[in-house]
Amino acid sequence: MRAADEWGVWTLIPLAGFVLGLAVARWWVVAVAMPFGAYVLATNELEGNIGEWVALVLSTLLACAIACGVALRRLRRRA
């Protein structure tokens, strides 16, 4: 079994967000990152503020990836 901090998990989150942004192409879909961050925060077992930091970073990464997908789809539609 692979550890959660390996390369695959950290690249899967932004890739999935980017594909979601491309597929839906609506700005409100960026809000999907908030429940994801809440889930990570609620289920983490890290001590201290590390869990909060990880949830913040992962949800921000997801939100940015979704926004990039939405922006690219909208730019392609205009061209």
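This is a predicted model: local features need pLDDT of at least 70, side-chain atom pairs count only at pLDDT 80 or more; totals for chains, interfaces and linings use all residues.

**Cysteines, core and surface**

Mentor: Let me begin with the cysteines: the sulfur of C64 is 6.6 Å from the closest cysteine sulfur, in C68, and that is too far for a bond. C68 is likewise in no disulfide, its nearest cysteine sulfur being that of C64, where a disulfide is taken as a pair of cysteine sulfur atoms within 2.5 Å.

Trainee: Is C64 buried, partly exposed or exposed? And what about C68?
Mentor: C64 is partly exposed, with a relative accessible area of 45%, and C68 is partly exposed too, with 46%. Buried means under 20% relative accessible area, exposed means over 50%, and partly exposed lies in between, with a 1.4 Å probe and protein chains only.

Trainee: OK, zooming out, what does the secondary structure come to?
Mentor: It comes to three helices and zero strands, following the pattern α-α-α along the sequence. Helices (H or I, at least four residues) and strands (E, at least two) are DSSP runs, numbered from the N terminus.

Trainee: Which residues make up the largest nonpolar core?
Mentor: There are 10 of them, namely I13, V29, A33, V40, A55, L58, L62, A63, I66 and V70. The elements giving two or more residues to this core are α2 (33-43) and α3 (50-78), and the largest share, six residues, comes from α3. A nonpolar core is a set of buried Ala, Val, Leu, Ile, Met, Phe, Trp, Tyr and Cys residues joined through side-chain atoms within 4.5 Å.

Trainee: What is A33 in contact with, leaving aside its neighbours within four places in sequence?
Mentor: With those set aside, A33 is in contact with S59, L62 and A63, contact meaning heavy atoms within 4.5 Å. Across the chain, residues 24 or more positions apart account for 71% of the contacts with a separation of 6 or more.

Trainee: And where is G51 found?
Mentor: G51 is in helix α3, and it is buried, with a relative accessible area of 1%. Leaving aside its neighbours within four places in sequence, G51 is in contact with L41, N44 and L46. G51 and L41 are 10 residues apart in sequence and 6.3 Å apart in space, C-alpha to C-alpha.

Trainee: Changing topic, which residue has a positive phi although it is not a glycine?
Mentor: That is A25, with a phi of about 55°. Most residues other than glycine have a negative phi. A25 is placed in the loop between α1 (7-24) and α2, and at 1% relative accessibility A25 counts as buried.

Trainee: Last one: which residues make the nonpolar surface patch of about 310 Å²?
Mentor: W53, L56 and V57 make that patch. W53 lies in helix α3 and is exposed, with a relative accessible area of 56%. Accessible areas come from the Shrake-Rupley method with a 1.4 Å probe, and for residues only the protein chains shown count as cover.

Definitions and conventions: Residues are numbered from 1 along each chain as its sequence is written. Side-chain values use heavy atoms; hydrogens and water are left out. Patches are made of residues with over 30% relative accessible area and no salt bridge: like charges are joined within 9 Å, nonpolar side chains (Val, Leu, Ile, Met, Phe, Trp, Tyr) within 5 Å. A salt bridge is a side-chain nitrogen of Lys or Arg within 4 Å of a carboxyl oxygen of Asp or Glu.
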